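I opened this notebook to keep track of what I look up in one structure. The entries follow in the order in which I made them.

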Amino acid sequence: MAKKELTLEEIRNISQDDLSVLVYGQAEIDQDFYKKVEKLILKGDQQALVKSIQKDIASIRRRRKFISYYEAFDFAQKVGGIVDDIELMVEDKKEAAGLFKALILTDSKVYQRSDDSAGAIQTSYARAEEGWAGCLESLSDDEVYADIMEMLVCEGFGVRSVFSEKVPTGILQKIYDEFYGKYEAKKHETYDSFDDINVMQLCAHYLKNPELYIKARKLLREELHESDLLDFAKEYRYAEDANGVLDSLGQIKTVDEYKAETFYELQVWAYERLGRKMDVTLAYKNWYAATRSPSVLKAYLSRLEGVMKKRVREEALNDAQSLSFGSALYFFRDLDERALAAAYIKEHQDALETEYMYGNEFKKTIGWLKEEYPQEAILLYRDSCEKALKSAQSKYYPSAIRALKACIKIENENDTSSWYIEENMPYMKKLLAKHERKRKFVELFFKAFDNII
């Protein structure tokens, strides 16, 4: 039976006395819950609430103990809890901005004394940065500028995420000009300009000014790479300048597999923006040729008609035969070609490669096939079972048993009189004989199938 989910309305219907007893009891045994209740009590006294949150932030700032990998998750929750307290309980947005800033400024020392390889702590601090950005309307331009300059760089970890579309354009331009001037003054000196150039690029991005972005990037390196041109095209798109996008893309000489998706996605956007329908179709054609992506093919086919559409589809399906086993099946599935997928499995039944079909994709393919082509679904399950046994690692044996159970279920749901594949019973007996030395598998097998073997 599925676990019932409580609703807010149901909780509101609990009597105040009963709820108070429950909260009090939980607060006695759960320190984090105790602190949440404490903050809720203080919510009516905003001055006391702010002081309490400041105390929590100070405790993070003062702490010196190293935070191990496993401790990092609990610490991230502590930082996230402070963010929640500020967002949900501090009513004065200007006060909230100051608290967010104070919390953000603790990050560098925390990163230096922690193993945050999972990124949990960083994610909580990112929420604090978003919280600060949400309070900008309560600050004057001078205050926003001062806050950004104070928080700009996380020592040892680069530029913080303090820029956004919410920052007034005058401030963005001011910071860009200041950092460009700083670079010009120091360009003949030996100094690490990477963060400064990054600041300029971020300002240019949110100003929606690709020319300033390009100007900053050229400070980083004199000879531009094709990856730079792709970045420039992205900036022109963000600025909604279709011609700028096409101009940048036109300077890229080779569109390899790694650039293709971004390149053609930008190109399609620009051509659509300019109403160049034939060029959109050609872009999809080239995109498909570069990636053999079924989703791109479908978009390309949607723009074709009649004989041309039929020919392109047939050629694509024929080409799919030369793809890797998993890719071919996914291709057929995306185009809803069950008959072709079934024929492909039948033709390759001695060389199936289900080990390269992962998790949900494998399940989706089976589910898509089994009603119309149950034999081919069984062949996939059998191969999956055999690959699990071939590894000779007992941890994979339960999945082999599950695959065999699925085969029996499919067989029981169908008329097998005209099937070309061997029935499950003789197949499973042969499988058991082949792997009789795998004691764990044999044990699991008889536990699952003792009543039918």
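Predicted model: local features only at pLDDT ≥ 70, side-chain atom pairs only at ≥ 80, totals over all residues.

Entry 1, two loop residues. I looked up aspartate 336 and found it partly exposed, with a relative accessible area of 47%; buried means under 20% relative accessible area, exposed over 50%, and partly exposed in between, with a 1.4 Å probe and protein chains only. Aspartate 336 sits in the loop between helix 19 (325-334) and helix 20 (338-347). Helices here are DSSP runs of H or I with at least four residues, numbered from the N terminus. The phi of aspartate 336 is near 55°, a positive value in a residue other than glycine.

I then turned to glutamate 240, in the loop between helix 13 (226-238) and helix 14 (242-250). Its phi is near 60°, again positive in a residue other than glycine. Glutamate 240 is partly exposed, at 49% relative accessible area.

Residues are numbered from 1 along each chain as its sequence is written, and side-chain values use heavy atoms, with hydrogens and water left out.

Is arginine 217 buried or exposed? I found that arginine 217 counts as buried, at 6% relative accessibility. Arginine 217 belongs to helix 12 (residues 210-220). Not counting residues up to four places away in sequence, arginine 217 touches Gln201, Leu224, Asp228, Asp231 and Phe232; contact means heavy atoms within 4.5 Å.

I looked up the largest nonpolar core, which has 135 residues. Helix 23 (residues 397-412) gives the most to this core, with 9 residues. Such a core is a set of buried Ala, Val, Leu, Ile, Met, Phe, Trp, Tyr and Cys residues joined through side-chain atoms within 4.5 Å. Trp132 and Ile148 have the most contacts inside the core. Leaving aside neighbours within four places in sequence, isoleucine 148 is in contact with Trp132, Val162, Phe163, Val167, Ile171 and Ile175.

I checked helix 10 (residues 169-186) against helix 11 (residues 194-206): they pack at an angle of about 150°, with their axes 9 Å apart. Axes are lines fitted to C-alpha atoms, for helices over the stretch in contact, and angles run from 0 to 180 degrees between N-to-C directions. Helix 10 and helix 11 are therefore roughly antiparallel, a word used for angles over 145 degrees. Among the residues in contact are Leu172, Ile175 and Tyr176 of helix 10 and Asp196, Ile197 and Val199 of helix 11. By class, this contact of helix 10 with helix 11 has 12 nonpolar, no polar and 2 charged residues. Ala, Val, Leu, Ile, Met, Phe, Trp, Tyr, Cys and Pro count as nonpolar, Asp, Glu, Lys and Arg as charged, and the others, Gly among them, as polar.

Next I took helix 5 (residues 69-89) and helix 6 (residues 93-104), which pack at about 170° with axes 10 Å apart. The contact of helix 5 with helix 6 divides into 8 nonpolar, no polar and 1 charged residues.

Phe362, Thr365, Ile366 and Leu369 in helix 21 meet Pro374, Ala377, Leu380, Tyr381 and Ser384 in helix 22.

Methods:
Parallel < 35°, antiparallel > 145°, perpendicular 65-115°, else oblique.
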